[in-house]
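Dear colleague,

Please find the structure we discussed set out below. My notes on the findings follow directly after it.

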Amino acid sequence: MLENAVIAIEALLDPVRLLALFAGMLVGMVFGMLPGLGGVAAVSILLPFVYYMDDYAGLAMLLGAVSVVYTSDTITSVLLGAPGSPASAPTAIEGHALAKQGHAAQALGVGFLASMVGGLVGAAILFVAIPVAGPIVLKLGTPELFMFALVGLFFASSMIGRDLAKGLAAACFGVLLGVVGPAQAAADFRFTFGQVYLLDGFSLTIVALGLFGVAEVISMLAKGGGISHERIKVTHWGEGFRDFWVNKFLVLRASIIGVFGGFVPAVGASASTWVAYGHAIRSTRDRSRFGRGEIRGVAASEGANNATVISDLVPTLLFSVPGGPAAAIFLGALFSFGYYPGPRMITQNPDLMFLIVWSVALTSVVGAALCFAATPFLARLTRIPFAIIAAPLVLIMVIGAYQSTGTMGDIFMLFTLGAVGWLMKHGGWPRAPALVGFVLSGPMEQYFWLTNQIHGWSWLGRPGVLIIGSVIVIPLLISAWRWLRRRQTAQAKTESDENKPAASESRPDMALVMAVIATLAFAYAAFETMSFNPASRLMPLLAIVPGLPLCLWLLVRGFREFDGFEFRTFKEPEILAVLIVYATAVWAIGLSVPTAALLVWMLFSRARMRWWTGAIYGVIVFALIRLLFETLRGDPPVGALVALS
Amino acid sequence: MKTTTALTAAMAIAVGFTVSAQAQDGYFAGKTIDVIVPFGAGGATFVSAKFLEPYFEKHLPGNPEINVIDRPGGGSILGANWFEQNAKSDGTTILFTTSSTANPFVLGQKGVEYRLADYRVAYSHPFSAVAYVSPSTGVTSAAEIKDASTPLIYGGIAAAASDLPGLLSFEVLDLDVKSVLGFNGRGPVRLAFEQGEVNLDYQFTPVYLTQVVASVDAGTAVPLWTGGSVDADGNLTARDPIAPELPSVYEVYTKLNGSDPSGIEWDAFQAIASVTYAYGLTGYMHPDTSQEVLDIFESTVAAINADPEFQAESQKVTNGARLNAGAATETAIKAALSPSDEVRSYLRTLLSDKYGVNF
């Protein structure tokens with residue numbers, strides 16, 4: 001085995017292959033930073049070039065791209081608050097809050113180091129586990145996968161936050177978003193309103209970008225000025241290194257969570273990141289800083305998503321079952337090179353397995369180092385007026401969303417969900433539980449249904465189920481025991497009054513609007529659910545039964561706290577309206593004219609650039625956006641009323 | 001995903017290669033053909049399209065550049081609808097797809113805007129499937145399938161999509177099979193088979209040859225039958241040349257019952273199975289495409305089939321399956337896409353009563 005490892009590293013150190021690996025890594029870094037575009041886009045754009053190379057160089061190029069995405073997305077998440085990829089949404093919450101307080105260097109430093117360690121731990125575990133990885137995956141049947149989803153849900157419960165009603169309602173709302181589209185159990189299409197677009201349900205990228213990215217852009221555009229009012233010091237990395245060292249075991253545990261997340265087909269990075277984030281919350285004594293800039297949140301989620309990269313490839317290589325869309329493209333490339341992944345892969349192509357391990361390990365280290373090097377330059381961006389960055393940022397998010405199906409539906413959904421995310425933000429609804437509910441509702445329903453169909457209820461006694469179940473039961477028992485003991489020692493100390501609720505972006509008028517919308521959504525969902533096959537009703541009801549009463553209660557509360565709309569100092573709705581007008585205009589007259597108009601509005605009206613610098617900058621941005629559209633999708637949206645593109 | 005030629009050239013040079021421009025005469029000289037795959041990049045259909053891409057570039061007159069473009073969504077309906085609205089009639093837009101696009105059309109499902117039966121057929125590639133069973137059922141060959149010692153559990157994705165011919169074969173053979181639908185894809189089903197959660201499965205040939213054969217050799221899977229292939233009279237009775245050692249569904253029925261299959265179950269199976277297996281991967285063109293273009297594709301397909309490189313490569317992946325094109329192929333596909341009203345209503349009733357599909 002070691003002999004193969006040596007052969008593999010020698011093969012990889014060939015100059016052309018190293019060049020390919022690093023070329024892939026650079027592309028991956030750029031796409032990781034562009035919100036909404038990630039491993040899938042990077043791999044698709046590299047795919048045509050892979051065929052010019054030999055098999056190892058081509059595969060190294062793809063591996064370089066996929067394994068650095070979760071390192072460089074930290075930059076976008078921390079500096080802009082828009083998740084660079086869906087799996088770094090927790091980093092966007094915690095890291096961006098830190099950046100706004102002037103601690104960007106700390107957040108980035110911990111993020112990069114955790115990313116690097118995550119990638120290395122993933123590679124090391126695979127290195128050791130190659131001979132046993134196959135049997136492990138075979139032990140994970142549908143009941144075990146269902147239990148993994150439950151573990152995710154359990155950890156997600158710690159993200160609910162202080163306002164219990166709003167946190168739970170947000171989680172239910174996320175589950176409701178997740179059940180749109182095909183039911184796993186029976187052939188029902190739920191809540192599609194006759195739209196073919198919704199037949200597949202919502203794309204994770206669009207939900208993550210909408211809920212977090214768009215809302216963040218709107219707020220920062222309205223506020224004016226730069227991203228951080230504090231001067232961001234990125235020259236002092238010391239703080240980041242110290243924080244990383246303090247949290248080294250958390251990063252290690254998060255990486256192991258990430259590795260297991262990758263073994264589960266189709267769950268992968270997005271779910272395991274949330275589980276690791278939930279674990280960070282549960283394992284922290286003082287939880288008050290979560291949601292307002294807690295470095296442990298960054299450490300855990302970056303450790304987890306990077307560790308997932310390589311273990312995502314295990315089901316791909318051993319069983320030809322891709323763990324995600326990027327792995328699917330990688331699988332396609334393997335086929336093209338004449339490798340047919342399967343149970344015999346380890347014995348037939350041991351060198352290839354080790355080539356993967358080495359590629360990921362090497363990229364993790366070099367990628368993190370490059371990110372460190374690039375950050376001081378990127379951090380300067382946070383001092384210039386945000387409107388200047390916002391213009392390309394919004395357009396890149398549009399491109400990212402447009403990768404899902406390449407139809408106008410993607411763009412509409414981005415801004416519709418953006419409006420919802422914005423309302424949630426100002427209505428005091430936490431968005432993390434909504435995203436977790438969305439991510440987990442699909443696998444939970446699918447695996448529960450398959451499990452019950454195949455095993456009846458006998459699956460509850462399977463050893464794997466019991467082991468995974470203990471991850472939930474043991475912490476519950478411990479906290480119950482602690483709670484009992486605290487009660488015996490009497491006089492529960494009042495919770496240290498937690499600073500004040502999150503810098504209060506929450507407004508009573510928006511809380512009421514959100515409550516009205518959510519109540520209507522749940523009420524309609526309850527009505528339509530009645531027409532489904534019984535098996536397809538289960539999951540929507542799981543969201544509606546608690547969700548509807550909670551929303552009604554929030555509605556009552558909303559009316560009580562409501563004291564009229566106040567828009568004099570509140571400029572954000574204008575910006576939201578502009579974005580929605582933009583989406584509609586793209587639908588009506590195609591991409592070019594509305595995009596140019598949006599650029600003019602942002603650069604001259606919002607950012608107040610001088611006309612000639614603004615014009616040059618605007619033309620460059622416009623050209624780059626057109627180029628990205630052409631390169632990635634082949635055809636920018638064409639107007640429905642006026643057939644321009 | 002399309003990559004502009006300029007960018008390709010720039011990157012290719014950057015990586016140290018040069019693109020040699022071929023200026024040859026021919027119908028497609030200097031043109032670009034878009035092959036629309038209505039599934040995700042990396043899926044079986046996408047990989048097959050990429051597999052065929054270099055051979056078409058080499059043998060089509062004028063050596064056009066071929067772009068394989070993925071347009072996933074709506075279980076392939078979105079991509080096919082896009083084709084309906086945007087396809088050009090000069091042969092430069094091809095919809096390359098499977099029965100997942102054909103079945104919703106045949107069944108008349110909501111959201112289908114494409115007129116598949118009106119399209120011209122440029123070429124087609126068989127995509128046959130092999131049924132296999134776990135030895136834990138006690139079954140050692142197709143003839144014993146009714147004597148399984150444990151209940152048969154079949155894993156699938158959705159009744160109205162690519163699982164339909166498999167489910168119909170169980171109806172033809174009158175098997176008592178519990179169908180567990182709702183898996184993410186055929187890969188996860190195969191994994192569930194190896195885990196012992198399901199014990200009856202169908203896999204398409206490339207996967208069968210590269211994955212399942214290993215299990216057969218190890219004694220953990222027993223191959224049963226194939227969907228069969230079309231004989232000279234257009235019936236699905238012949239053995240599949242891709243796995244000639246295995247009987248077809250037709251043969252298994254005859255052996256079990258002592259008579260030829262007939263009736264509505266058999267008609268429905270024939271219609272659906274021939275679009276799924278015999279003409280599984282088909283390149284469709286705009287209804288107004290000229291006969292000249294179709295003739296060009298027919299002779300190109302003949303040239304590809306004769307190309308020793310293609311023969312060697314396809315031997316590895318599909319046991320040497322060949323492309324089909326021409327009038328006979330088109331007639332057979334169009335017939336399968338327009339079944340009789342009885343077959344259509346039988347399918348709709350079966351799907352809604354037994355599998356809860358809403359139309």
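The radius of gyration used here is taken over C-alpha atoms, and the globule rule is 2.2 Å times the number of residues to the power 0.38. Please note that this is a predicted model.

Overall form of chain B

For 359 residues, the rule leads one to expect a radius of gyration near 21 Å in a compact globule; chain B has 21 Å, so the two agree. The C-alpha trace of chain B spans about 65 × 45 × 35 Å along its principal axes. Of the 359 residues in chain B, 53% are buried. Among contacts in chain B with a separation of 6 or more, 74% join residues 24 or more positions apart. The secondary structure of chain B consists of 13 helices and ten strands.

The two domains

Chain B is assigned a domain 1, made of 5–126 + 279–342, and a domain 2, covering 129–275. Between the C-alpha centres of these two domains of chain B the distance is 28 Å. Their contact involves 20 residues from domain 1 of chain B and 17 residues from domain 2 of chain B.

On the side of domain 1 of chain B that touches domain 2, at least two residues each come from helix 4 (99–107), helix 11 (308–318) and helix 12 (327–337) of chain B. Helix 4 of chain B gives the most to this side, with six residues. By residue type, this side of domain 1 of chain B comprises twelve nonpolar, seven polar and one charged.

Yours sincerely

Conventions:
Residues are numbered from 1 along each chain as its sequence is written. Chains are lettered from A and ligands numbered from 1 in the order in which they are written. This is a predicted model: local features need pLDDT of at least 70, side-chain atom pairs count only at pLDDT 80 or more; totals for chains, interfaces and linings use all residues. Domain bounds come from an automatic or database domain assignment. Two residues are in contact if their C-beta atoms, placed from the backbone, lie within 7 Å. Helices (H or I, at least four residues) and strands (E, at least two) are DSSP runs, numbered from the N terminus. Ala, Val, Leu, Ile, Met, Phe, Trp, Tyr, Cys and Pro count as nonpolar, Asp, Glu, Lys and Arg as charged, and the others, Gly among them, as polar. A residue is buried if 20 or more other C-beta atoms lie within 10 Å of its own, exposed if 12 or fewer, and partly exposed in between; C-beta atoms are placed from the backbone.
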